[in-house]
Amino acid sequence: MATFTFELVSPERLLFSGEVESVVVPSSEGEMTVMAGHAPVMAVLKPGVVAVSEGKGAVRRLFVRGGFADVGPDGLTILAEVALPMEELDAETLAQHVRDAEEDVADAKTDQARQAAAERLSQLTELRDALVH
Amino acid sequence: MPSLKDLRNRIASVKATQKITKAMQMVAAAKLRRAQTAAEAARPYAERMETVLANLASRMTVTEGAPRLLAGTGRDETHLLIVCTAERGLCGAFNSSIARLARDKANALMAQGKTVKILCVGKKGYDILRRQFRDQIIELIELRSVRQIGFENADAVGRKVLQMFDAGEFDVATLFYSKFKSVISQVPTAQQIIPAEFDGETKAATGLDAVYDYEPGEEEILAALLPRNVSVQIFRALLENGASEQGARMSAMDNATRNAGEMIKKQTLTYNRTRQAMITKELIEIISGAEAL
């Protein structure tokens, strides 16, 4: 199967870089699977899980909290706001993220900002519920 | 002429100082390695961000609908200077060279009749600038308690800057920091972050004709990316600064240790000469005393 270059970077470090077969990206408009030869696209991410298939059935799962995905001719790059491997994610960190989001909603000054923050909060809680069960 | 005891004390005190500078140099070397890895780890993100933004910006040629963070407010009256320096001294000319760059810029702007506002990140820059720009400095953000600079720290500064921008408190923001080139060379740099500027090189490199799809829309993405870019640029500046600071401290302390060594050598020579002179003097006294009998 054809492979392509995938990079996942957070502001603090490069989390993943290498050749992969497919990547499931939690875009804000719904999940999408990127494979080799995908048309160039630029998408906003929602909090969710990026599933990376490196071939031979191995799947790496990484948690991202918002960011951008950029599919170009030379592969896929995800610029995540916060990203960590699923193994490092526990209920406590997730709860912290939810609390942060709640604060953002409370702090929002304009209606627009509040709506955006509320949306993120609901996406986060949704993800938490999905992971717990 | 200092007595032998004075000389001994002097040598002992220089030795103690040398021990301190030596220790500081080694601590700085260890910290430098960490700061350097952190700065290198953050580089891909900032670079990719720049490429993506430059790509987007190059196709947003229509100025009317362009976001203010990219196109500016259309005025050039009030300038915000964000001066990033270290929290501690004893690192050579590191702090003062950043402060000098900021001061020159501020003076040039004020000579043109523009309003200048200064935001200090790091205490040392504030200490230097406050003498001349007491009225211009609007805030000091201290990062003293932060051991390893994380993205949250930069994001907090970024948010503050954006809040001020949204409130219309300034038109142009420039970031001052020191770029880390090598242990012995740090380059004080001024970088304009609002409105965002991209050098022609990145633009040319990414000027691909690829037809991009945007999800949701071009404007929404740009509107979300631009504020984030401000924080990312500040984060990068802080990390570069962190590495530069340790590098500067390391070479400053290396110099100090060497100077202390020279000083000890010189003092020991004087001490030995004085000691010999005293012995000779005593001998002469004894001999001339015996002859007199």
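## Report on a predicted two-chain model

B:L81 stands opposite B:I118 in strand β2 of chain B. The model is predicted: local features need pLDDT of at least 70, side-chain atom pairs count only at pLDDT 80 or more, and totals for chains, interfaces and linings use all residues. Residues are numbered from 1 along each chain as its sequence is written, and chains are lettered from A and ligands numbered from 1 in the order in which they are written.

Helices (H or I, at least four residues) and strands (E, at least two) are DSSP runs, numbered from the N terminus. Two strands count as paired if DSSP finds at least two bridges between them.

| Strand pair | Sense | Bridges | Facing residues |
|---|---|---|---|
| β1(B) (residues 78-84) and β2(B) | parallel | seven | B:L81 and B:I118 |
| β2(B) and β3(B) (residues 137-141) | parallel | four | B:L119 and B:E139 |

Strand β1(B), helix α3 (residues 94-111) of chain B and β2(B) form a right-handed β-α-β unit. A crossover is called right-handed if, with the strands pointing away from the viewer, the path from the first strand over the helix to the second runs clockwise.

A residue is buried if 20 or more other C-beta atoms lie within 10 Å of its own, exposed if 12 or fewer, and partly exposed in between, with C-beta atoms placed from the backbone. Because six of the seven residues of β2(B) (residues 115-121) are buried, this strand is largely enclosed by the rest of the structure.

### The nonpolar core

A nonpolar core is a set of buried Ala, Val, Leu, Ile, Met, Phe, Trp, Tyr and Cys residues joined through C-beta atoms within 7 Å. The largest such core has 93 residues, and those with the most contacts inside it include B:L81, B:I118 and B:F176. Helix α7 (residues 218-292) of chain B contributes the largest share of this core, 16 residues. Two residues are in contact if their C-beta atoms, placed from the backbone, lie within 7 Å. Beyond its neighbours within four places in sequence, B:F176 is in contact with several residues, among them B:L81, B:I82, B:V83 and B:C84.

### Domains and the chain interface

Domain bounds come from an automatic or database domain assignment. In chain B, domain 1 (4-21 + 254-284) and domain 2 (22-251) are assigned, and their C-alpha centres lie 48 Å apart. Their contact takes seven residues from domain 1 and six residues from domain 2 of chain B. In chain A, domain 1 (4-87) and domain 2 (90-132) are assigned, and 21 Å separate their centres, taken over C-alpha atoms. Five residues of domain 1 of chain A are in contact with five residues of domain 2 of chain A.

Between the chains, the contact takes 22 residues from chain B and 21 residues from chain A. Helix α1(B) (4-59) gives the most to the side of chain B that touches chain A, with seven residues.

### A loop residue of chain A

A:D74 lies in the loop between β7 (58-72) and β8 (75-85) of chain A. This residue counts as exposed because it has 10 C-beta neighbours inside 10 Å. A:D74 and A:D90 are 16 residues apart in sequence and 34 Å apart in space, C-alpha to C-alpha.
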